[in-house]
Amino acid sequence: MKAFRFWTVIGAVACLTAPVVFGQRMFGGVRDFGSGQMAKIFGKNEAFTATADMTIVDKSRTEPLQMETAYAVLKGNVRTEMDMTTMKGVNMPPEAVAQMKQMGMDRTISIYRGDKKLMYLVYPGLKGYCEIDPAKASPTDKTGQKEPKVEITPIGKETVDGHPCVKNKITITTDDGNQHEIIAWKASDMNDFPIKTEIQSGGATITTHFRDIKMTAPDASLFDPPSDFKAYGSLQEMMMANIQRMMPPQGNGNN
């Protein structure tokens, strides 16, 4: 039974990690998405912190998935942090939540380094992290790919949270012709900050609503994994190392 519970939690973590990574890469999700394109989306706001309320509506789910994420952005680098156990719309039994905390996998920090074209997935509870290269995650035969082209088209004006906004359609086109569209409500009185965004992905609608926005530069150290954390080759390797650490010694009679 203990082994079964371990793998149940691991499966839940794997499922929950996907939207976190997607949320982290929502603005930098296209491979080789640089700081220049980030600037076009965030306007003149190169440095800020905020809380983002993200909602994912998928026809395959009976209720929307909701999560609160802490954002920090500094010149094209993006950091998000969230507590997975507070997510709504996830039918996890209380014992699974408790075990996730015990395993140290409840808090997740995801860092996108636009300057290095790399991502870090950090688990403070495990004092560990892994590095993800988006280029290797999405291999291609092409070499010397250009950064995506970003086009912004105003499609209306609306008020969001009392802020006058221009509603824009942002089209991101990669050099292989693939396109991604983001609808962004940019606040005219906040240097065109995208206070609300909406994107379609794989049949799901992801809406992000920013609040508690502070236009101050976060510390640059937030965009590096802690130096005292252990580096793992992959997320799977980090999970397996934690499972082995928590598993009772063989031969003690616990099955």
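**The whole chain**

The model is predicted: local features need a pLDDT of at least 70 and side-chain atom pairs count only at pLDDT 80 or more, while totals for chains, interfaces and linings use all residues. Residues are numbered from 1 along each chain as its sequence is written, and side-chain values use heavy atoms, with hydrogens and water left out.

Begin with the protein displayed as a cartoon. The secondary structure comprises 5 helices and 12 strands; these are DSSP runs numbered from the N terminus, with helices being H or I of at least four residues and strands E of at least two. Of the 255 residues, 44% are buried, where buried means under 20% relative accessible area, exposed over 50%, and partly exposed in between (1.4 Å probe, protein chains only). Contacts are heavy atoms within 4.5 Å; of those in the protein with a separation of 6 or more, 57% are between residues 24 or more positions apart.

Next, colour by pLDDT, the predictor's confidence in each residue, from 0 to 100. The average is 76, and 74% of the residues score at least 70. Select residues 1-36: pLDDT stays under 50 there. Where pLDDT is low, the predicted coordinates should not be read in detail.

**Helix α5**

Select residues 235-246, which form helix α5. The buried residues of α5 are Leu-235, Met-238, Met-239, Asn-242, Ile-243 and Met-246. Viewed down the axis of α5, they fall within an arc of 135 degrees and so line one face of the helix; the arc is that of the directions from the helix axis to the C-beta atoms. The face turned away from the buried side carries the exposed residues Gln-236, Gln-244 and Arg-245.

**Strand β2 and Thr-69**

Move to residues 65-74, strand β2, and pick out Thr-69. Thr-69 is buried, at 5% relative accessibility. Leaving aside residues up to four places away in sequence, Thr-69 touches Ala-50, Thr-51, Ala-52, Thr-80, Glu-81 and Met-82.

Rings of Phe, Tyr and Trp (its six-membered ring) pair if their centres lie within 6.5 Å, with planes under 30 degrees apart counted as stacked, over 60 as edge-to-face and the rest as tilted. The structure holds 4 aromatic pairs. Tyr-71 and Phe-210 are edge-to-face, because their ring centres are 5.2 Å apart and their planes stand at 80 degrees. Since Tyr-71 lies in β2 and Phe-210 in β11 (residues 204-214), this pair ties together parts 139 residues apart in sequence. Both Tyr-71 and Phe-210 are buried.

Phe-193 and Phe-210 are also edge-to-face, at 5.4 Å centre to centre and 85 degrees between the planes. Phe-193 belongs to strand β10 (residues 193-201), so its pair with Phe-210 in β11 ties together parts 17 residues apart in sequence. Phe-193 is buried at 0% relative accessibility.

**Two loop residues**

Finally, select Lys-75, in the loop between β2 and β3 (77-83). Its phi is near 50 degrees, a positive value in a residue other than glycine, and Lys-75 is exposed at 60% relative accessibility. Asn-191, in the loop between β9 (179-187) and β10, has a positive phi of about 55 degrees. Asn-191 is partly exposed, with a relative accessible area of 44%. Most residues other than glycine have a negative phi.

How values were computed. The expected span of a helix is 1.5 Å times one less than its number of residues.
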